[in-house]
Amino acid sequence: MLEIDVPGWKTLTLKHLVLDFNGTLALDGQLLPGVRERLDSLAQQLEIHVLTADTFGSVQEQMRNIACGFFIIPLTEQAKAKAAYLENLGSSGCVAVGNGRNDVLMLQAAALGIALLQEEGAAAQALAAADLVCRSVCDALDLLVNPLRMSATLRG
């Protein structure tokens, strides 16, 4: 569990980290540099869940030996599937990270929603739905490792 007190906003008690795969953790189905190490570190504090339609058929190989679960979602109604998954975990204990239009409901439902603006770009709706926007997944994961950085940005 990870507890982050953000003065003037709220205290986050996070149990789950829910991430999109393509566009978030991976580019063209290949895990981005530095992601594996950061996920391994965060797995000691958070249960990690990776949601994907597995467009490139690579998630199983790419996520091998990382302490996380990955879940294949259907090609249709992905936004609803991701939000339902989050709700099933208990959204008040979740941090969600994504960049696409299909991540909007998940980002809104999470106690902390982080949108990314990486190589694939980001849907404007995802940016608007998030509590925080980062330039890379490594930056976002580093905020969870070093929560005082995040508190400085989000405090009221």
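Predicted model: local features only at pLDDT ≥ 70, side-chain atom pairs only at ≥ 80, totals over all residues.
Residues are numbered from 1 along each chain as its sequence is written. Local features need pLDDT of at least 70, side-chain atom pairs count only at pLDDT 80 or more, totals for chains, interfaces and linings use all residues, and side-chain values use heavy atoms, with hydrogens and water left out.

Me: Why is the pair of F71 and Y85 called tilted?
Reply: Rings of Phe, Tyr and Trp (its six-membered ring) pair if their centres lie within 6.5 Å; planes under 30 degrees apart are stacked, over 60 edge-to-face, and the rest tilted. The centres of F71 and Y85 are 5.0 Å apart and the planes stand at 45 degrees, so the pair is tilted. By this rule, the count is one aromatic pair.

Me: What makes F71 partly exposed?
Reply: Buried means under 20% relative accessible area, exposed over 50%, and partly exposed in between (1.4 Å probe, protein chains only). F71 has a value of 32%, and is therefore partly exposed.

Me: How do you know that the charged end of K10 sits over the ring of W9?
Reply: The rule requires NZ of Lys or CZ of Arg within 6 Å of the ring centre and within 35 degrees of the ring normal. The charged end of K10 lies 4.5 Å from the centre of the W9 ring and is assigned as sitting over it.

Me: Why is strand β3 described as largely enclosed by the rest of the structure?
Reply: Five of the five residues of β3 (residues 16–20) are buried, so the strand is largely enclosed. H16, V18 and D20 cover one side, and L17 and L19 the other.

How values were computed. Helix = DSSP H or I, 4+ residues; strand = E, 2+ residues; numbered from the N terminus.
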